[in-house]
Amino acid sequence: MIAQLTGTVAAVGEAYAVVDVNGVGYAVHAGAHTLANLKVGSEAVLAISTIVREDSITLHGFNTAEERDLFELLQGAQKIGPRIARDAIESLRPEVIRHAIATGDTTTLSRIPGVGKKSAERIVLDLADKVGPVDLGGVPKQAGGRPGGWRTQVSQGLQALGWTAKEADSAIEQLDAEGADGTDVPTLLKQAIRLLGKR
């Protein structure tokens with residue numbers, strides 16, 4: 001099984017990248033916050049989860065081994081496949097997910113796209129004894145209370161509305177500097193539009 005790829009980024013798409021390793025191009029499925037760190041022509045090291053099925057072999061790439069391991073763990077729950085597992089890591093940090101599973105926090109798990117109350121309960125039931133050591137002292141939070149990958153999503157939203165990547169980056173930097181209080185992507189996008197509208 002492929003557990004890691006180190007090579008040159010040959011291409012980046014909306015949901016995948018091609019990593020050239022000694023002349024062989026590997027197509028790697030990845031989420032927005034992983035893809036945001038990849039630039040064509042640059043070197044990349046990706047933690048890989050290899051999924052083998054009768055008719056395909058699929059590679060899923062992550063920034064860290066921790067993210068990859070959680071992606072694989074989540075699929076141990078009934079009805080949780082690669083798409084929902086990857087969306088979980090896109091929307092919440094690994095330590096937030098592990099803490100939620102360990103403490104039976106189905107409200108937090110229900111924030112994962114495609115996961116309702118029953119699915120969240122199933123995740124807790126199936127994985128609580130497999131999640132490993134978790135600090136139960138306090139609930140870890142996303143930086144500023146914001147969802148993981150928000151910068152990439154806000155940038156994509158602004159560019160779809162006609163602003164350049166440079167203008168989008170400038171607005172995102174200002175949101176960071178001002179400590180904008182939005183806690184979800186739509187709110188942060190509106191704040192970025194207001195900032196750009198002032199110029």
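In which sense do strand E1 and strand E4 pair, and over how many bridges?

## Basis of the model

This is a predicted model, in which local features need pLDDT of at least 70, side-chain atom pairs count only at pLDDT 80 or more, and totals for chains, interfaces and linings use all residues. Residues are numbered from 1 along each chain as its sequence is written, and side-chain values use heavy atoms, without hydrogens and water.

## The barrel

Strand E1 (residues 4-12) and strand E4 (residues 43-53) pair in the antiparallel sense, over five bridges. Helices (H or I, at least four residues) and strands (E, at least two) are DSSP runs numbered from the N terminus, and two strands pair if DSSP finds at least two bridges between them. Thr8 has Glu43 in E4 as its bridge partner, and Gly7 stands opposite Ala44 in E4.

E4 also runs antiparallel to E5, with seven bridges joining them. Ile51 is bridged to Thr58 in E5. The two strands E4 and E5 form a hairpin with two residues between them. Five strands make a closed barrel in the order E1-E2-E3-E5-E4, with mixed pairing.

## The nonpolar core

The largest nonpolar core has 25 residues, and Leu74 is among those that touch the most other members. Such a core is a set of buried Ala, Val, Leu, Ile, Met, Phe, Trp, Tyr and Cys residues joined through side-chain atoms within 4.5 Å; buried means under 20% relative accessible area (1.4 Å probe, protein chains only).

Leu74 is in contact (heavy atoms within 4.5 Å) with residues including Ile80, Ile97 and Leu127.

Key: Buried means under 20% relative accessible area, exposed over 50%, partly exposed in between (1.4 Å probe, protein chains only). Lists of a residue's contacts leave out its neighbours within four places in sequence.
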